[in-house]
Amino acid sequence: MALDPETFDALIETVRRFVAERLRPLEGAVEDADAIPADIVREMRDMGLFGLSIAEDYGGLGLTMLEEAKVAIELGRTTPAFRSTFGTNVGIGSQGLVMAGNAAQKDTWLPRIASGEIITSFALTEPDVGSDSGAVKTRATFDGQSYRLSGTKRYITNADKADLFTVMARTGDDPGARGVSAFLVPRALAGVSVGEPEKKMGQKGAKVATCISTTSWCRWRTGSGPRAKASRSRCACSIAGGCTFRRCASGWPSG
């Protein structure tokens, strides 16, 4: 639901002043330190920037796509490093839950994502295949109750500070299967390890590449209670609540 025009105009003016008075003067310091100051991150949280696209029911601002784009234009007047701080929370780190999560999953994760308590990260790129989603080698093996994820990811935004990863993994028993699913994997899940940031393309001091290795389990079922049944469609999977998202892609091989 869109904000009323007066409220949205006030938000835009606040963001515009924040960029001009707080962010742009810090661009040099951020480049030198390769880090966003903690007080700036707190201000971003207080302004609601981590929850731009999350509904007000979950503590977000609930902006429309047009409103979010207008906020992004204002933030585009400074280095993209600032927007990257909360960009995954606004985008791919939360939108699977927003669009297809069940009530328990949304209640568990969205308020903390919207507040910035939880930082999210997107794990697609791999050492040998780059960001080609069709060539992903990380695998998700279904054992009848849970998925086991095995693989390594690289160049992940916010990986070194993230609490929740959206991990892309290949599904199906055939090594050549084209099906790829998105799994929500908490950093604290047993079997997940995150390496130290690495340099990229010889950029001195740049912390832009991080590896995440996953050998972890994810519960996967449809419905709830003793009558829950395994689905024959592949779904994005969440740890919270032990249930999958409702929106599934049909036609992928069952495990």
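Reader: Which ring does the charged end of Arg45 sit over, and how far from the centre?

Author: That of Phe50, with 5.7 Å to the ring centre. A charge sits over a ring if NZ of Lys or CZ of Arg is within 6 Å of the ring centre and within 35 degrees of the ring normal.

Reader: What kind of model is this, and how are its residues numbered?

Author: It's a predicted model, where local features need pLDDT of at least 70 and side-chain atom pairs count only at pLDDT 80 or more, while totals for chains, interfaces and linings use all residues. Numbering starts from 1 along each chain as its sequence is written, and side-chain values use heavy atoms, leaving out hydrogens and water.

Reader: What is the mean pLDDT of the protein chain?

Author: The mean is 79, and 75% of the residues reach 70 or more; pLDDT is the predictor's confidence in each residue, from 0 to 100. Confidence is highest in helix α3 (residues 38-47), at 96, and lowest in strand β9 (residues 244-249), at a mean of 32. Helices (H or I, at least four residues) and strands (E, at least two) are DSSP runs, numbered from the N terminus. Over residues 220-255 the pLDDT is below 50. Where pLDDT is low, the predicted coordinates should not be read in detail.

Reader: Why is the pair of Tyr147 and Phe183 called edge-to-face?

Author: Rings of Phe, Tyr and Trp (its six-membered ring) pair if their centres lie within 6.5 Å; planes under 30 degrees apart are stacked, over 60 edge-to-face and the rest tilted. Here the centres are 5.0 Å apart and the planes at 85°, so Tyr147 and Phe183 are edge-to-face.

Reader: What makes this pair tie together separate parts of the sequence?

Author: Tyr147 is in strand β3 (residues 146-153) and Phe183 in strand β5 (residues 180-186), so the parts tied together are 36 residues apart in sequence. Ring pairs also link Phe142, Tyr147 and Phe183 into a cluster.

Reader: How do you know whether Tyr147 is buried or exposed?

Author: Buried means under 20% relative accessible area, exposed over 50%, partly exposed in between (1.4 Å probe, protein chains only). Tyr147 has 0% relative accessibility, so Tyr147 counts as buried.

Reader: And what about Asn89: buried or exposed?

Author: Asn89 has 0% relative accessibility, so Asn89 is buried too. Asn89 lies in helix α5, and its side chain reaches the backbone oxygen of Ile118 at 2.8 Å. Not counting residues up to four places away in sequence, Asn89 touches several residues, among them Phe50 and Ile54.

Conventions: Contact means heavy atoms within 4.5 Å. A polar contact is a pair of N or O atoms within 3.5 Å; within protein, one must be able to donate a hydrogen and the other to accept it, and residues adjacent in sequence count only if both atoms are side-chain atoms.
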